[in-house]
Amino acid sequence: MRITKKRVWLYTLLFLLIPTIAWAQDESRSQTVFEAINDGFAWFVNNVIFGVLFWDAGTGYLFKYLFGIDMGIPLIVLWLIVGGIFFTFRMGFINIRAFRHAVDVVRGKYDDPNDSGEVSHFQALATALSATVGLGNIAGVAIAVSVGGPGAVFWMTVGGFFGMSSKFVECTLGQKYRVVNPDGTISGGPMRYLSEGLKRINYPIFGRVLAIAFSFFCIFAALGGANMFQANQSFGAVSRVFPFVPNWLYGAVLATLVGLVIIGGVRRIGQVAGTIVPFMCILYVTASLFILMTNFTAIPGAFWVIISQAFQPEAIEGGILGVIIQGFRRSAFSNEAGLGSAAIAHSAARTDEPIREGIVSLLEPFIDTIVVCNMTALVIVITGAYNNPEYEQLRATGAGAELTAAAFGSSITWFPIILAIAVFFFAFSTMISWSYYGERCWDYLTGGQGLIIYKILFLMATFMGAIVAPGPVIDFSDGMLLGMAFPNLLGVYFLCPQVARDLKDYMARYN
């Protein structure tokens, strides 16, 4: 089936009309049309999308029967973690044995300017990292510690370890099935390897359906959760330090800066990300190291608290199971391993060795989760913010960013200014990277038509995100973000044997 522009608009219209079915209650008839649609949309998001994503898949009944714990593992978390564990064993612990080689590749040791592609290995890694390293590293870690205690950080790290293998497999496939357009631009990612890869093993219709589903999920995720949400949250952090800046001005400036980057395509995005990502990581990590070094003697004790409470949690709902679930859940949401988004960025790297770029990608969960998230966690534990009665309200309400700011601020009084700058760059880099992800999916669905329309919509969403509280729109987009994992990993399981064969050949030549 050929996906024409008319069909894309038709599918989009039908998809957006589904939530209005929820408008069936009598009291809603007294509302305005817009209020009714908004309520129907909110109902659809909370009960259908989140109802599926966070369904415990029957594990709640199993754990209650076996352990007497009224808790289950959300389907989306189980789906992502099982995938990471499977790929780790299937690829022979590639996340360990190829780590040093990954560092050498990023350093440029194997760069060849004559290879096809648009960006270097380092720029591809920076582009993908800029989409993952963000508010999750600031707020997500604090939420994990608040809900699951310090022990959740240990399991978050374990989840990041397995996520390295998921990134390797999907990014290798992104390179393997990428399309080089006549103008030299690259189009790759799950929509390409799902459709073409499954077609090659005699599942053409199945692959096409998965590719279309992934593309729709990715476009909506790019416009909302990866754009409007970032603009909205970053303005909140910046306005606390610079209250004189109006939201409309912030939105206009942010949209202008994003526009200047994304109009230039992935080459411009890679150049900017290659500058911003190291800068913002150094900025945030330096502040973390300052606190850790000034409290050097407390570091062993902090590690002991994290490890001991990972296996013997105190006063945590669900006991050790609750801590494990919370840690794995935050890890999956932080590094995006299994969602397929990073494969779009890595497909543009200049290389003729798909396995090599896949090896580069396994550094992402390591940097994002194992390094940056643990930096945040150590500061929260060392400063005592995780159990300080003064911050009880922040922990109870899940105000992750505020709790992290309080932890840092207890040692660095001027840290809120640094945090505001870091949040701005985190949000900005996330938006420019996700604009490219959504653009490639738009290109796949429309055959390259109307890309300027997508970019205009993206910039409008950037501006609107700073001046309104989107509510259900952001929740819907977050649901789409997590929903990408279902078609992506389902197809990757079928294509996994190809990656295993290519890896065996590559490592034989490398050794």
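Begin the tour by selecting Arg509, which is partly exposed, with a relative accessible area of 47%; in this scheme buried means under 20% relative accessible area, exposed over 50%, and partly exposed in between, with a 1.4 Å probe and protein chains only. The model is a predicted one, in which local features need pLDDT of at least 70 and side-chain atom pairs count only at pLDDT 80 or more, while totals for chains, interfaces and linings use all residues. Residues are numbered from 1 along each chain as its sequence is written, and side-chain values use heavy atoms, with hydrogens and water left out.

Helices (H or I, at least four residues) and strands (E, at least two) are DSSP runs, numbered from the N terminus.

Now zoom out to the whole protein, whose secondary structure comes to 24 helices and two strands. Of its 511 residues, 56% are buried.

Select helix 21 (residues 415-446). This helix has 32 residues and reaches 46 Å from its first C-alpha to its last, close to the 46 Å expected at 1.5 Å a residue, where the expected span is 1.5 Å times one less than the number of residues. Helix 21 is mostly covered, with 27 of its 32 residues buried, and it is followed by Gly447, whose phi is positive, near 70 degrees.

Within helix 21, pick out Arg440, which is buried, with a relative accessible area of 5%. Its side chain and that of Glu439 meet in a salt bridge (2.9 Å, N to O), and Glu439 counts as buried too, at 8% relative accessibility. Then show Lys455, whose side chain forms a salt bridge with Glu439 (3.8 Å, N to O); Lys455 lies in helix 22 and Glu439 in helix 21, so the pair ties together parts that are 16 residues apart in sequence. Which residues are linked in a network of salt bridges here? They are Arg192, Glu439, Arg440, Asp443 and Lys455.

Move on to the largest nonpolar core, which has 137 residues, those with the most contacts inside it being Met91, Phe168, Leu362 and Trp434. Such a core is a set of buried Ala, Val, Leu, Ile, Met, Phe, Trp, Tyr and Cys residues joined through side-chain atoms within 4.5 Å. Centre the view on Phe168, which, not counting residues up to four places away in sequence, touches residues including Met91, Ile355, Leu362 and Leu503, contact meaning heavy atoms within 4.5 Å.

Finish at Leu457 in helix 22 (residues 451-467), which is partly exposed, with a relative accessible area of 33%. Leu457 touches Leu223 and Trp442, not counting residues up to four places away in sequence, and the C-alpha atoms of Leu457 and Leu223, 234 residues apart along the chain, are separated by 7.7 Å.

Notes
Salt bridge = Lys/Arg side-chain N within 4 Å of Asp/Glu carboxyl O.
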